[in-house]
Amino acid sequence: MKRRDVRGYVLLEALVALLIFSLGLLGMIGFQAASTRIVTDSRFRTEAAILADELIAKMSVDKRSVVIANYAYDSEGGGGGASTRTWFETRVIEASKLPNPKVKVDVASGASVDTFTVTVRIQWDLPSSGTSDKAVKQKAMEHGNYETQALLF
């Protein structure tokens, strides 16, 4: 072959190698974004679990005669138990890192007089995907949820 016929192959090979390297780099960036989202979700879930366990521990040492009145609570519905409201305002809103948290605590009487079934639900907003339009953000807002049940006796 003549030298003139093979000119440009090295440049073409370099461009193909650059393309393959760029696609690999974009894939690594995608994995990094996914792992960051998973770590954030895990941190929020752990914090919600700690908060719920803390509230259930408070309920378990309180007098059984005042558990329903002091702890049944819904942060969206307003009103509810004074002890849970105080816990929600001081521990969940002020001290935790959960974004826009909401709490609902259901306390139901159990089979015996001093037995209660407690359900604690904690919900928070997940970080947005970077959309700047506020209406789109509100419509597509995703929530993280944590729910636990306990039997107090």
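Buried means under 20% relative accessible area, exposed means over 50%, and partly exposed lies in between, with a 1.4 Å probe and protein chains only. By that scale Asn100 is partly exposed, because its relative accessible area is 44%.

This is a predicted model: local features need pLDDT of at least 70, side-chain atom pairs count only at pLDDT 80 or more, and totals for chains, interfaces and linings use all residues. Residues are numbered from 1 along each chain as its sequence is written, and side-chain values use heavy atoms, with hydrogens and water left out.

## Overall layout

The protein chain has four helices and four strands. Helices (H or I, at least four residues) and strands (E, at least two) are DSSP runs, numbered from the N terminus. From that end, the elements run α-α-β-α-β-β-α-β.

Of the 153 residues in the protein chain, 24% are buried. The accessible surface of the chain is about 10500 Å², and carbon and sulfur atoms hold 60% of that. Such areas come from the Shrake-Rupley method with a 1.4 Å probe; for residues, only the protein chains shown count as cover.

Contact means heavy atoms within 4.5 Å. Among contacts in the protein chain between residues at least 6 apart in sequence, 56% join residues at least 24 apart.

## The sheet

The four strands form an open sheet in the order S1-S2-S3-S4, with antiparallel pairing. S1 and S4 stand at the edges with a single partner strand each, so one side of each has no neighbour in the sheet. Two strands pair if DSSP finds at least two bridges between them. Strands of a sheet pair through backbone hydrogen bonds, either parallel or antiparallel.

| Strand pair | Sense | Bridges |
|---|---|---|
| S1 and S2 | antiparallel | two bridges |
| S2 and S3 | antiparallel | eight bridges |
| S3 and S4 | antiparallel | ten bridges |

Tyr73 has Val105 in S2 as its bridge partner. Val103 is bridged to Ile122 in S3. Asp125 stands opposite His143 in S4.

S2 covers residues 102-109, and S4 covers residues 143-152. S2 and S3 form a hairpin, with six residues between them. S3 is mostly covered: seven of its ten residues are buried.

H1 lies across S2, S3 and S4, and runs at about 150 degrees to S3. H3 lies across S1, S2 and S3, and runs at about 150 degrees to S2. Axes are lines fitted to C-alpha atoms, for helices over the stretch in contact, and angles run from 0 to 180 degrees between N-to-C directions.

## Aromatic pairs

The structure holds two aromatic pairs. Rings of Phe, Tyr and Trp (its six-membered ring) pair if their centres lie within 6.5 Å; planes under 30 degrees apart count as stacked, over 60 as edge-to-face and the rest as tilted.

Phe44 and Trp124 form an edge-to-face pair, at 6.4 Å centre to centre and 65 degrees between the planes. This pair links distant parts of the chain: Phe44 sits in helix H1 (residues 9-61) and Trp124 in strand S3 (residues 116-125), 80 residues apart. Both Phe44 and Trp124 are buried.

Tyr73 and Phe88 make a tilted pair, because their ring centres are 5.8 Å apart and their planes stand at 50 degrees. This pair also links distant parts of the chain: Tyr73 belongs to strand S1 (residues 73-74) and Phe88 to helix H3 (residues 82-95), 15 residues apart. Tyr73 is buried, with a relative accessible area of 8%. Phe88 is buried too, at 6%.

## The loop between H3 and S2

Ser96 is found in the loop between H3 and S2. Its relative accessibility is 10%, so Ser96 counts as buried. A polar contact is a pair of N or O atoms within 3.5 Å; within protein, one must be able to donate a hydrogen and the other to accept it, and residues adjacent in sequence count only if both atoms are side-chain atoms.

A polar atom of the Ser96 side chain lies 2.3 Å from the backbone oxygen of Val92. The Ser96 side chain also reaches the backbone nitrogen of Leu98, at 3.5 Å. Not counting residues up to four places away in sequence, Ser96 touches Glu47, Leu51 and Arg91.

Asn100 lies in the loop between H3 and S2. Asn100 is not a glycine, yet its phi is positive, at about 50 degrees.
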